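This report covers helix packing, a salt bridge, a surface patch and a few selected residues. Please view the sequence and the structure first.

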Amino acid sequence: METKAILKGVRLSEQKGRLLVTLGISAVLALAFIFGVYGRAQVLTPVAYTLAIWIVLSSLIDPFERIRRGLSLSRSVIGMTCAHLALAMLVLGVASVESY
C-alpha cells in the first residue's frame, strides 16, 4: 500500500514541477544579485540567498493562485505569507551579515 502526500487537496507530485521551477529561478536570481552587487561570495552565501528567494517565491504562489481564481484571501493565508516573508528576510539578513 503506497501513501502519497496531499497538500491542500493537491498531490505533492503535482506540485514538484512548480517548486523545482521556483528553485531554479531563485538560484539564478541569487547568483545574479550576489555577483552583480558584491562581486564575490563565500561558499554558503549563494545557498542562503537562494533559500531566501525560494521561500519568497514559493510563499507567493498560493495568494496569487487564489487571486487568479477569484477567491478571497483569508487572514490565515495572509498571515502564513507574511510569516514566510519574515523568515526569508531573516535568512537573507543573517547570510548578509555573516558573509560581508
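## Helix packing

Helix 2 and helix 3 cross in a left-handed sense. A crossing is called left-handed if the near helix is turned anticlockwise from the far one by less than a right angle, and right-handed if clockwise. Helices (H or I, at least four residues) are DSSP runs, numbered from the N terminus. This is a predicted model, in which local features need pLDDT of at least 70 and side-chain atom pairs count only at pLDDT 80 or more, while totals for chains, interfaces and linings use all residues. Residues are numbered from 1 along each chain as its sequence is written, and side-chain values use heavy atoms, with hydrogens and water left out.

Two packed helices are described by the angle between their axes and the distance between the axes. The axes are lines fitted to C-alpha atoms, for helices over the stretch in contact, and angles run from 0 to 180 degrees between N-to-C directions. Helix 3 covers residues 75–99, and its angle with helix 2 is about 165°, the axes being 9 Å apart. Helix 2 is therefore roughly antiparallel to helix 3. Angles under 35 degrees count as roughly parallel, over 145 as roughly antiparallel, 65 to 115 as roughly perpendicular and the rest as oblique.

Helix 2 (residues 45–68) also packs with helix 1, at an angle of about 135° and with 8 Å between the axes. Helix 1 and helix 2 are therefore oblique to each other. Their crossing is right-handed.

Side chains of opposite charge can pair when their charged atoms come close. The structure holds 1 salt bridge, a term that stands for a side-chain nitrogen of Lys or Arg within 4 Å of a carboxyl oxygen of Asp or Glu. Its partners are Glu-65 and Arg-68, with 2.7 Å between the closest N and O atoms. Both residues lie in helix 2, 3 residues apart, about one turn of the helix. Glu-65 is partly exposed at 21% relative accessible area, whereas Arg-68 is exposed at 59%. Here buried means under 20% relative accessible area, exposed over 50%, and partly exposed in between (1.4 Å probe, protein chains only).

Phe-33, Val-37, Tyr-38 and Tyr-100 make a nonpolar surface patch of about 360 Å². Patches are made of residues with over 30% relative accessible area and no salt bridge: like charges are joined within 9 Å, nonpolar side chains (Val, Leu, Ile, Met, Phe, Trp, Tyr) within 5 Å. Accessible areas come from the Shrake-Rupley method with a 1.4 Å probe; for residues, only the protein chains shown count as cover. Val-37 belongs to helix 1, which runs over residues 12–38. Val-37 counts as exposed, because its relative accessibility is 51%.

Thr-22 is also in helix 1, but is buried at 9% relative accessibility. Leu-12, another residue of helix 1, is partly exposed with a relative accessible area of 43%.

## Selected C-alpha distances

| Pair | Separation along the chain | C-alpha distance |
|---|---|---|
| Thr-22 and Leu-60 | 38 residues | 11 Å |
| Arg-68 and Leu-19 | 49 residues | 18 Å |
| Leu-12 and Arg-69 | 57 residues | 20 Å |

Key:
Helices (H or I, at least four residues) and strands (E, at least two) are DSSP runs, numbered from the N terminus.
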